[in-house]
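User: I would like to learn how to read the overall features of a model. Please take me through them one by one.

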Amino acid sequence: MSFTDFQEIAKSKNQMISFEHLSTGTVVSFPAFLTDFSDNYTVSWGSEQVFGRSDAIKPYQSTSRQISLSFDVLSASEEQAEKNLARYSTLIKMLYPTYSEPLAGDISSLGRTIKTPPLMRIKFVNMIQAANGSGALLGCINGFNFKPVATAGYFYKENGNLFPKN
């Protein structure tokens with residue numbers, strides 16, 4: 001293992017972030033060099049004012065959780081950069097629902113219905129996991145922001161394709 005084999009370094013330290021698309025079973029993992037992390041919980045309460053009482057009754061409604069994280073995916077070689085970009089492309093595809101077969105039974109038919117939503121299981125060491133600590137956290141993802149670090153540079157292919165180093 002070389003010092004620039006970021007994937008192996010992350011695996012050896014158990015620093016991989018893993019995304020599993022529930023409806024297809026597709027799993028994508030990245031070496032997670034965290035640059036930002038927040039885990040926010042919000043408790044919602046109702047408010048009901050009743051006759052003869054000066055303070056409102058506050059019935060519990062729900063608790064929600066929102067995780068926000070940023071991480072760098074580093075590539076020491078052109079081959080690794082291509083694999084990382086392919087993983088990212090797979091992850092983006094996982095943000096879409098799965099659809100039924102064409103409704104008319106004809107492949108040229110465009111009529112389809114959503115079969116399953118894009119739910120995912122996400123795991124990152126002890127920071128993102130199921131509440132009981134037994135595995136990945138089930139949830140939905142609001143989106144991703146892909147932002148290569150231009151100063152780190154790119155690997156260039158002869159056909160003009162770019163593969164970010166970071």
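Analyst: We go from the whole fold down to one residue. This is a predicted model, where local features need pLDDT of at least 70, side-chain atom pairs count only at pLDDT 80 or more, and totals for chains, interfaces and linings use all residues. Residues are numbered from 1 along each chain as its sequence is written, and side-chain values use heavy atoms, with hydrogens and water left out.

User: Which elements does the protein have, and in what order do they run from the N terminus?

Analyst: Helices (H or I, at least four residues) and strands (E, at least two) are DSSP runs, numbered from the N terminus. Here there are 2 helices and 10 strands. Their order is α-β-β-β-β-α-β-β-β-β-β-β.

User: What is the radius of gyration of the protein?

Analyst: The radius is taken over C-alpha atoms, and the globule rule is 2.2 Å times the number of residues to the power 0.38. For 166 residues, a compact globule would be near 15 Å; the protein has 22 Å. Its C-alpha trace spans about 80 × 50 × 30 Å along the principal axes.

User: How many of the residues count as buried?

Analyst: Buried means under 20% relative accessible area, exposed over 50%, and partly exposed in between (1.4 Å probe, protein chains only). In this protein, 23% of the 166 residues are buried.
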